[in-house]
Amino acid sequence: MPFLGQDWRSPGQSWVKTADGWKRFLDEKSGSFVGDLSSYCNREVYNKENLFNSLNYDVAAKKRKKDMLNCKTKTQYFHQEKWIYVHKGSTKERHGYCTLGEAFNRLDFSTAILDSRRFNYVVRLLELIAKSQLTSLSGIAQKNFMNILEKVVLKVLEDQQNIRLIRELLQTLYTSLCTLVQRVGKCVLVGNINMWVYRMEAILHWQQQLNNIQITRPAFKGLTFTDLPLCLQLNIMQRLSDGRDLVSLGQVAPNLHVLSEDRLLWKRLCLYHFSERQIRKRLILSDKGQLDWKKMYFKLVRCYPRKEQYGDTLQLCKHCHILSWKGTDHPCTANNPESCSVSLSPQDFINLFKF
């Protein structure tokens with residue numbers, strides 16, 4: 001039978017043989033040709049293509065809406081245990097290995113930023129991840145990263161402290177994303193390009209908020225820093241570990257400027273952060289023929305990393321290989337678990353997951 005055995009006739013239509021074969025219908029009432037089968041097939045294919053394109057458009061629109069919704073979601077992924085077992089290979093008891101993203105999800109960084117002893121530690125860790133480890137995080141870990149970063153920014157805006165530290169963090173993250181977003185098609189980042197563009201816009205908005213922040217002077221009429229004896233002022237300034245803080249403090253009042261230029265103050269700062277060998281390679285003499293410790297400090301900072309100091313850090317138990325915050329209970333079988341714990345710097349934490 002012609003046409004795969006299908007009868008395309010409607011009531012009142014009949015086959016008419018033409019010069020090129022049985023391809024047309026004749027309407028018995030009107031006596032006119034209805035059309036050929038190819039036109040019916042083409043019309044059916046056209047309708048299917050329109051339906052397919054319409055479905056694709058709806059799916060794309062829903063996906064864009066879903067991306068924006070996921071990007072605006074503030075849901076944090078919590079785990080019951082605040083510790084994680086760090087294993088680098090498969091054993092009979094465990095399969096696979098622990099990743100940086102998994103550790104970032106399991107450890108309670110959202111609560112850690114509320115602790116002043118852990119705040120700088122978490123910020124430094126976020127900065128290291130933003131520089132080189134952002135692509136190693138899973139999609140959930142990247143979302144947690146942005147959620148924690150937003151909480152850090154909101155805390156700084158409320159407390160009006162550590163503004164410069166967070167500005168540098170946001171600038172580092174934005175610079176990294178500008179490079180990575182250009183390579184999204186190569187599967188560098190997890191997620192849709194619209195989601196990452198939205199996150200970059202959020203970073204720019206946070207930067208603008210930090211730039212527009214106005215430090216409010218506390219309504220306090222008691223004893224101020226400048227009212228203290230000079231020896232106490234100098235003793236407090238010796239406890240600052242960042243030379244930029246000394247320069248900023250010296251801009252408050254003329255007498256503080258004199259104290260901030262003290263050679264012994266900058267010498268102690270250099271000896272605290274750098275080794276004698278590093279200092280000997282960067283000697284600078286003043287016009288009076290003496291060592292200019294202030295200029296040496298800023299030159300050393302550009303050449304070598306500064307010594308990091310934190311009030312509280314993550315701890316790694318050498319006995320059971322469990323990573324947790326100090327003071328967090330974990331299932332350790334050692335007789336003296338405290339003696340097995342080792343403090344990890346932010347860089348040590350990153351290196352722990354490099355296989």
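**Entry 1**

I started with strand S5 (residues 314-317), which pairs with S6 in the antiparallel sense over 3 bridges. Two strands count as paired if DSSP finds at least two bridges between them. Before going on, I noted that this is a predicted model, where local features need pLDDT of at least 70 and side-chain atom pairs count only at pLDDT 80 or more, while totals for chains, interfaces and linings use all residues. I also noted that residues are numbered from 1 along each chain as its sequence is written, and that side-chain values use heavy atoms, with hydrogens and water left out.

Which residue stands opposite Ser324 in S6? I found Gln315 there. S5 and S6 make a hairpin with 4 residues between them, and His321 in the turn has a positive phi of about 60°.

On the S4 side, I found that strand S4 (residues 83-85) also runs antiparallel to S6, joined by 3 bridges. Tyr85 has Ile322 as its bridge partner in S6.

Is S6 covered on one face or both? Both: Ile322 and Ser324 are buried on one side of the strand (residues 322-325), and Leu323 and Trp325 are buried on the other. For burial I use relative accessible area: buried is under 20%, exposed over 50%, partly exposed in between, with a 1.4 Å probe and protein chains only.

**Entry 1: the cores**

Next I looked at the nonpolar cores. Such a core is a set of buried Ala, Val, Leu, Ile, Met, Phe, Trp, Tyr and Cys residues joined through side-chain atoms within 4.5 Å. The largest one has 54 residues, and Phe109, Phe145, Leu323 and Phe349 have the most contacts inside it. Helix H4 (residues 116-133) gives the most to this core, with 9 residues. A second, separate core has 16 residues, including Leu256, Trp293, Met296 and Leu300.

I then listed what Phe109 touches, leaving out residues up to four places away in sequence: Ala103, Phe104, Val122, Leu125, Ile148, Leu314, Trp325 and Phe349. Contact means heavy atoms within 4.5 Å.

Setting aside neighbours within four places in sequence, Leu249 is in contact with Phe225, Met237, Leu240 and Leu256. The C-alpha atoms of Leu249 and Leu259 are 9.5 Å apart, with the two residues 10 apart along the chain.

**Entry 2: rings**

How many aromatic pairs are there? The count comes to 11. The rule takes rings of Phe, Tyr and Trp (its six-membered ring) with centres within 6.5 Å; planes under 30 degrees apart are stacked, over 60 edge-to-face, and the rest tilted.

Phe109 and Trp325 have ring centres 5.9 Å apart and planes at 80°, so I put them down as edge-to-face. Phe109 is in helix H3 (residues 109-112) and Trp325 in strand S6, so this pair ties together parts 216 residues apart in sequence. Phe109 is buried at 1% relative accessible area, and Trp325 is buried at 3%.

Trp325 has another partner: the ring of Tyr121, with centres 5.6 Å apart and planes at 70°, so that pair is edge-to-face too. Tyr121 lies in helix H4, so its pairing with Trp325 in S6 ties together parts 204 residues apart in sequence. Tyr121 is buried, at 0% relative accessible area. I also see one aromatic cluster made of Phe104, Phe109, Tyr121, Phe145, Tyr310, Trp325, Phe349 and Phe353.

Two charges sit over rings. I count one when NZ of Lys or CZ of Arg is within 6 Å of the ring centre and within 35 degrees of the ring normal. The charged end of Lys155 is over Phe119, 5.0 Å from the ring centre. The charged end of Arg199 is over Trp196, 4.5 Å from the ring centre.

Last, I checked helix H5 (residues 139-159). Its 21 residues reach 30 Å from first C-alpha to last, close to the 30 Å expected at 1.5 Å a residue; the expected span is 1.5 Å times one less than the number of residues.

Gln160 has a positive phi of about 60° although it is not a glycine, and at 22% relative accessibility it is partly exposed. Asn162, in the loop between H5 and H6, also has a positive phi of about 60° without being a glycine. Asn162 is partly exposed, at 33%.

Technical notes
Helices (H or I, at least four residues) and strands (E, at least two) are DSSP runs, numbered from the N terminus.
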